[in-house]
Amino acid sequence: MPKIELSSDRITELETKIAKSKEIFQQAFERFDVKDTRLIWSGGKDSTLTLWICRQHCEEQGIELPKAFTIDEGDAFEEIDEFLHTYTKQWKVDLDWGRNEDVLKAAHYALDAEVRVADLNERNQAEIKRIGFDLQAFPFEAESYVGNHLMKTVVFNTYLENNGIKAVFQGLRWDEQKARAKDPYLEDVEAAQLTPSHARYRPILHFSERDIWDTTLCFNIPFCPLYEKGYRSLGAKTTSLKSSDIPAWKQDLENTQERAGRRQDKEKTMERLRKLGYM
Amino acid sequence: MKHVVLLTIDTLRRDTLTQFGCRLPLTPFLDSLIPDSTVFAGAHSVAPYTQASFPGILTSSYIFDTPRAPKLSEKRVLVSEALKRIAGEADITTAAFHSNPYLSDFFGWNRGWDMFYDSMEEDVEDMSPYISGAAIDEKVDNWLQTIDKGRPIFLWVHYMDVHEPYVPDRQYIDRVDGSITLSREQMFALFKDVLLPRDASNPETVQLLRKLYQAHVCEVDDYSRRLFDILDKHGILSDAAVIITTDHGDEFGEHGSLSHDGKMYSELVHVPQLIVNPPEAKGVVCEQLVSGVDIAPTILQMFGLESDPAFQGSPLYPLSEYHEAGVYGEAIGKRAHKIKDTDMPAYYYREGKWKIMYRQEEDSWELYNLDADPREQVNRIETAAEAETIKRKLKPRIDREHL
């Protein structure tokens, strides 16, 4: 485990941030039965810290640990899978895996394979229509616009629906991208077509990328070894790039973009098309 | 010329330039470039909307060369890729600055560029859903400060400002018609209530929309001037050929509709084009029919390179050797902003005074004599002796295997 030297002021600052996160968890558990909540755990640094804080809080308060949920987009790093399996056992986490089996099957489990819309089930076909695509076929890519929707959003919504989930915990942060800068700690999502109503709690919004690494290293929180190899942000395997060859926490976090190696333009590109009247 | 700049102005109608018959001085700057340019009076876009016409400009290919897909096919060769491959990785610096989502990294256009700015990370307003030409110019300026100008540069700059919604600034409205008193909200309402539903029924409203459109044309003329100043400031302009054109025009009720859908009439596919500081033929008006697919081969030629085997067009210079064989275009014949899977292809072919079009959906043919009928109002498919001959020239393109 790499070591980090922090001043006592800095450690106090991080402890205050952790305490703030615990408050958010507490608010959620006062409103919802733990059984109706899920912690979204991708195996990345942010959701792992979220889970670590949640475990601590639950232990302290004598609350049962919520179940966790992870989405397999069909294009995952082996290192992430391994990390999830290891800490599911070590931390005794009850982890559900979600995947869009219907799309994977239609793609013959191969990236870049052509998926024929006619081969998909009714739900997936309806979802493609819902996001404004009139396609007969699309290439299977986890983080293309259609791929992202089918492999993540649909899996998420279906899971909430089938399990009667009322609230989820997400490891989002204000500083991870501009679009998140105004996200609230709690968002009540109203039911819409194909989306059940649910609450979204974001307990670590106030952690910066630097805070994440200082906390992770200072408190010996485990993390996926890819970060040590230079990845700063982990998404689908084929669309995440190393931003450098040095460990993430040693990179210039303040002056370079965390998600530079990740596709983040898909939503924005679609939003532009919508605004131009094309969607 | 050492450098080549391609300036494309989205949705720029041919008749916005004085050179092509505009009676209002909408583009004083672009007009001032005419004496230093080859003017291509017969320039045609290969399609009436971005996704189908830009493969022509930047990959010298037609939309149905590869299966219908939202993304640019890997099989197409972008001019930036051809430059890198033919000249070698380090020889020519390639850069793109634009704000058109259909040409973004997400849709596969970021290939072969040393610098690719598509602005998709920026937040934009509903009333102006793109980065303005002013901001694009600034990006170009900043970038030029950082690079080695000793090496040849291929720079592509694209302005979106003319594209709807038409919500121009007051100063530009005043240049067109100071009596227009619409608020920004009212202009935006015209976009939602009239333009998007393609309601061309009220001639006064159509005329108003046209004026708002023209105000945006005045605006990009300013940005073009600024771009030239920037190129000059960095010592590039005197040693650069600048190709100025558009991806397509725009309709204001000429054929019953608005905006730019899958129709092949002149207001959409007969486009403005000039090459400033050309290798020859400065101050010449070239009347030959030339096509969007000729642009990429011309760029390679200007760098002294052979054309790419994948390119379907021909270099424009020397003009005397350009073999005019008629111009051709194809697109999905959509009748609304959005392309539906069920929308079928539409085609055109122009040779001399004749222009023929075919729409698969209605299995309908149209033939126009552009000398006598430049507005394409009288369909001569049943009455022209040449109809069968021209039809035979378009048929092989239609019968080409479609994926």
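Which residue stands opposite Leu7(B) in strand 5 of chain B? I opened my notebook with this point and found Val157(B) there.

**Entry 1: basis.** I note that this is a predicted model, in which local features need pLDDT of at least 70, side-chain atom pairs count only at pLDDT 80 or more, and totals for chains, interfaces and linings use all residues. Residues are numbered from 1 along each chain as its sequence is written, and chains are lettered from A and ligands numbered from 1 in the order in which they are written. pLDDT is the predictor's confidence in each residue, from 0 to 100. For chain B I recorded a mean pLDDT of 94, with 99% of its residues at 70 or more. The model has an ipTM of 0.81 and a pTM of 0.69.

**Entry 2: strand pairing.** Strands are DSSP runs (E, at least two residues) and helices likewise (H or I, at least four), numbered from the N terminus. Two strands pair if DSSP finds at least two bridges between them. Strand 1 (residues 3-9) of chain B pairs with strand 5 of chain B in the parallel sense over six bridges. I found Leu6(B) opposite Trp156(B) in strand 5 of chain B. Strand 1 of chain B also pairs with strand 6 (residues 240-245) of chain B, in the parallel sense over six bridges; there Leu6(B) has Ile243(B) as its bridge partner. Strand 3 (residues 93-97) of chain B pairs with strand 5 of chain B in the parallel sense over five bridges.

**Entry 3: burial.** A residue is buried if 20 or more other C-beta atoms, placed from the backbone, lie within 10 Å of its own. Seven of the seven residues of strand 5 (residues 153-159) of chain B are buried, so this strand is largely enclosed by the rest of the structure.

**Entry 4: core.** A nonpolar core is a set of buried Ala, Val, Leu, Ile, Met, Phe, Trp, Tyr and Cys residues joined through C-beta atoms within 7 Å. The largest has 118 residues, and Val5(B), Leu7(B), Val157(B) and Ile299(B) have the most contacts inside it. Helix 7 (residues 203-233) of chain B gives this core its largest share, 13 residues.

**Entry 5: chain contact.** Two residues are in contact if their C-beta atoms, placed from the backbone, lie within 7 Å. I recorded 14 residues from chain A and 15 residues from chain B in the contact.

Terms used. A residue is buried if 20 or more other C-beta atoms lie within 10 Å of its own, exposed if 12 or fewer, and partly exposed in between; C-beta atoms are placed from the backbone.
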